[in-house]
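Subject: Structure for your review, with notes on its pocket, cavity and ligand

Dear colleague,

I am handing over the structure below, and my notes on what was found in it follow directly after.

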Amino acid sequence: MPRFAERLAAVRERILLTGRDPAELEIVAVTKGRSAADAAEAVAAGVAALAENRVQEALPKLAALPKAEWHLVGHLQSNKVAQVAGRFRLIQSLDSVRLAELLAGRDAGQRVLLQVNVSREARKSGVRPEEAVAAARAISALLPLEGLMALGPAGTDPGPAFAELARLRLDCQDATGRALPVLSLGMSGDFEEACRAGSTMLRLGRVLFE
Ligand SMILES: *Cc1c(COP(=O)(O)O)cnc(C)c1O
């Protein structure tokens, strides 16, 4: 078995040990810093989607693997909106109503997740948890909003932050009157906690590629 496929199988084993069914979780391989060949190996091994965090690095890889499903997971600057609208299956890192207005203006039906800064760290993007419900209501009137995304806190137990995002998803569903099925939580260092908190989508880099 190729190395990537072995690492993917090991991740699925660890998901199973948390009590979750790996088939219920989408695994998104984060390919930042990896080659297009690495990304192709991930697709061949059966990951659901690929993700990049910078538009500049993403566009050549999208061109190299146009049939793959690509997500954007890093902060999107407003001056890049024209370059990305409609190119990514999902923009997970939408972090303002203003950006949603700009994307909606491109008329590409861009699917998005609302990024929430549940760890309340100044250097992380995302709307403040207190603003999430209002932002979700405004954004869902502009674009197909599919759920919420967050990064775990650095260096501390991610449990409380993850539980807060899971709660906010339900609040946002109530407020918008729409199903928001996606809870994008969990990276290499904290995906097991994310599984236990109800994640539906893991964003994994190092644990799959190294
Ligand atoms: C890089 C990155 C990941 C993956 O991180 P790993 O620790 O390598 O698994 C997930 N989400 C975002 C937003 C990232 O930038």
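Starting with the largest cavity, its lining divides into 4 nonpolar, 4 polar and 1 charged residues (Ala, Val, Leu, Ile, Met, Phe, Trp, Tyr, Cys and Pro count as nonpolar, Asp, Glu, Lys and Arg as charged, and the others, Gly among them, as polar). Please bear in mind that this is a predicted model, in which local features need pLDDT of at least 70 and side-chain atom pairs count only at pLDDT 80 or more, while totals for chains, interfaces and linings use all residues. Residues are numbered from 1 along each chain as its sequence is written, and side-chain values use heavy atoms, with hydrogens and water left out.

Among the residues lining that cavity are Gln-115, Lys-124 and Leu-151, and the space inside comes to about 40 Å³. On a 1 Å grid over the protein atoms alone, a cavity is a set of points where a 1.4 Å probe fits but cannot get out, whereas a pocket is an open set with protein on both sides within 12 Å along at least five of seven lines, and lining residues have an atom within 4 Å of a point. Points are joined across faces, edges and corners, and a volume is the space filled by probe spheres set on them.

The largest pocket holds about 400 Å³, and of its 19 lining residues, Lys-32, Asn-53, Val-73, Leu-151 and Met-187 lie nearest the centre. The ligand takes up this pocket (more than half of its atoms lie within 2 Å of the grid points).

As for polar contacts (pairs of N or O atoms within 3.5 Å), oxygen atoms of the ligand lie 2.5 Å from a side-chain N or O atom of Ser-188, 2.8 Å from a backbone N or O atom of Gly-205 and 2.6 Å from a side-chain N or O atom of Arg-206. The protein covers 90% of the 390 Å² of accessible area that the ligand has on its own (Shrake-Rupley method, 1.4 Å probe).

Best regards

Methods
Polar contact = N/O pair within 3.5 Å; in protein donor to acceptor, adjacent residues only side chain to side chain.
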